[in-house]
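Please look over the sequence and the fold below. The report then takes the packing piece by piece.

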Amino acid sequence: MKERLIEHVQHELRQIREAGLYKTERIIDSPQGVEITLADGRKVLNFCANNYLGLASHPRVIETAHKALDRWGYGMASVRFICGTQSIHRVLEKAIAAFLHCEDSILYAACFDANGGIFEPFFGPEDVILSDALNHASLIDGIRLTKARRIVYAHADMKDLEGKLQETQDTRFRVIVTDGVFSMDGDYAPLDQIVQLARKYDAVVVVDDSHAIGFVGPTGRGTAEKFGVLGEVDFITGTLGKALGGAMGGFIAGPAPLIEFLRQRSRPYLFSNSLSPVIAATALEIFSWLSETSELRDKLEENTRYFRERLIAAGFDIKPGDHPIIPIMLYDAVLAHRFADMLLEKGIYVIGFSYPVVPRGQARIRVQLSAAHTREHIDKAVEAFTEVGLTLGVLKKPVA
Ligand SMILES: *Cc1c(COP(=O)(O)O)cnc(C)c1O
């Protein structure tokens with residue numbers, strides 16, 4: 001029996017390899033940051049982490065985490081409702097809620113769990129969930145755990161969404177679910193229009209703002225702030241594993257009675273361990289830092305603008321926008337992966353993305369900027385991009 005299963009899986013693995021879809025993990029031998037050391041000793045500049053604010057190994061964050069370890073211990077060895085709730089867990093939940101202009105919030109081990117636990121307690125066969133075609137895998141899985149009808153609307157297409165809201169007016173609850181920022185293109189969900197449609201058709205709005213909280217919007221409160229609807233989105237989910245320190249952890253912010261209900265019924269909350277106090281206390285410090293000053297997100301914005309301008313000037317085809325996710329379009333899968341390999345040889349660590357992660361013929365390199373990048377880092381990256389672009393014929397050689 002076991003032999004048959006192994007044989008079957010080995011066949012699948014071969015197919016993954018032959019299709020060029022096998023993911024190899026590059027080993028890092030240093031803390032996460034913009035300057036990292038690979039296992040083979042090479043020092044490279046990292047341009048592909050979700051470390052948007054540069055907090056993953058920021059001295060202030062490390063110091064806070066050390067102190068938290070001494071003050072609160074390492075782990076809780078309990079779910080929240082047995083003996084896994086320390087005062088910092090509740091203080092952090094209140095701080096997240098205040099930051100996002102919501103009534104309360106609830107912590108999870110990851111945003112994947114938050115998205116897995118947000119739908120099933122509330123929605124059933126009488127309800128319909130309208131989901132953007134490019135939503136994150138964790139939202140798709142979370143929706144699958146309910147018996148609600150799932151309807152996918154075309155990506156960020158408000159006409160399509162409105163039509164589907166009209167068609168479903170006879171259902172009990174209608175829920176619009178979207179990423180705030182979509183990770184492959186760095187584009188935004190039009191939340192102002194989504195909130196308007198939700199009002200018009202009496203729908204609940206759930207936004208996963210994992211690629212936004214901490215830096216999108218004038219004070220880093222996310223996509224809702226950018227679109228002027230902060231406090232008007234019903235549920236915001238997010239991760240502590242990206243801009244907000246990069247360790248792990250997730251949350252849902254929303255109306256107090258609905259958060260209260262999640263504490264009673266949300267399975268990944270009820271049946272999974274409490275967030276480590278080291279992370280809870282450090283995240284709290286990060287939220288209070290981000291509430292005091294916008295300096296980190298301002299630096300990231302400036303870095304993003306500079307990098308985008310310089311790449312466009314060099315002649316690259318990049319998706320327009322202002323998010324620190326910057327897709328450099330190469331279209332051809334082999335070219336994109338070759339390009340990334342050659343950049344690594346020049347000390348720039350980026351990843352090529354191709355089908356099935358992005359549509360066929362849309363292969364690209366996705367760069368992610370950080371507030372921790374300096375001008376020199378960015379200049380070095382642009383130089384390397386230009387050299388490789390010329391070598392591979394992506395850029396035209398300047399006429400002598
Ligand atoms: C990264 C990400 C997640 C997963 O967050 P984790 O905390 O790592 O589980 C969920 N949704 C979106 C949109 C993400 O980008």
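Predicted model: local features only at pLDDT ≥ 70, side-chain atom pairs only at ≥ 80, totals over all residues.

Residues are numbered from 1 along each chain as its sequence is written, and side-chain values use heavy atoms, with hydrogens and water left out.

**The sheet**

Helices (H or I, at least four residues) and strands (E, at least two) are DSSP runs, numbered from the N terminus. Three strands form an open sheet in the order β12-β15-β14, with antiparallel pairing. Two strands pair if DSSP finds at least two bridges between them. β12 and β14 (351-353) are the edge strands, each pairing on one side only. From one strand to the next, the twist averages 30°. Axes here are lines fitted to C-alpha atoms, for helices over the stretch in contact, and angles run from 0 to 180 degrees between N-to-C directions.

Strand β12 spans residues 325-331. Six of its seven residues are buried, where buried means under 20% relative accessible area, exposed over 50%, and partly exposed in between (1.4 Å probe, protein chains only). Six bridges link β12 to β15 (residues 363-368) in the antiparallel sense. In this pairing, I328 stands opposite I365 of β15. On the β14 side, three bridges join β14 to β15, again antiparallel. There, I351 has R366 of β15 as its bridge partner.

**Helices on the sheet**

Helix α13 (residues 295-314) packs on the sheet and touches β12 and β15. Its direction makes about 20° with that of β12. Contact means heavy atoms within 4.5 Å. Helix α14 lies across β12, β14 and β15. It runs at about 35° to β15.

**Helix pairs**

| Pair | Angle | Axis separation |
|---|---|---|
| α14 (residues 333-345) and α15 (residues 375-391) | about 130° | 10 Å |
| α2 (residues 59-72) and α12 (residues 277-292) | about 140° | 8 Å |
| α7 (residues 158-167) and α8 (residues 191-200) | about 15° | 11 Å |

Angles under 35 degrees count as roughly parallel, over 145 as roughly antiparallel, 65 to 115 as roughly perpendicular and the rest as oblique.

Take α14 and α15. Their angle is about 130°, so the two are oblique to each other. α14 passes α15 in a right-handed crossing. A crossing is left-handed if the near helix is turned anticlockwise from the far one by less than a right angle, and right-handed if clockwise. F339, M342 and L343 of α14 make the contact with A384, F385, V388, G389 and T391 of α15. By class, that is six nonpolar, two polar and no charged residues. Ala, Val, Leu, Ile, Met, Phe, Trp, Tyr, Cys and Pro count as nonpolar, Asp, Glu, Lys and Arg as charged, and the others, Gly among them, as polar.

Next, α2 and α12. At about 140°, they are therefore oblique to each other. α2 passes α12 in a right-handed crossing. Residues of α2 in the contact include R60, V61 and W72, and those of α12 include P277, E285 and W289. The contact has 10 nonpolar, two polar and three charged residues.

Last, α7 and α8. With an angle of about 15°, they are therefore roughly parallel to each other. α7 passes α8 in a right-handed crossing. M158, L161, E162 and L165 of α7 meet Q193, I194, L197 and K200 of α8. Five of these residues are nonpolar, one is polar and two are charged.
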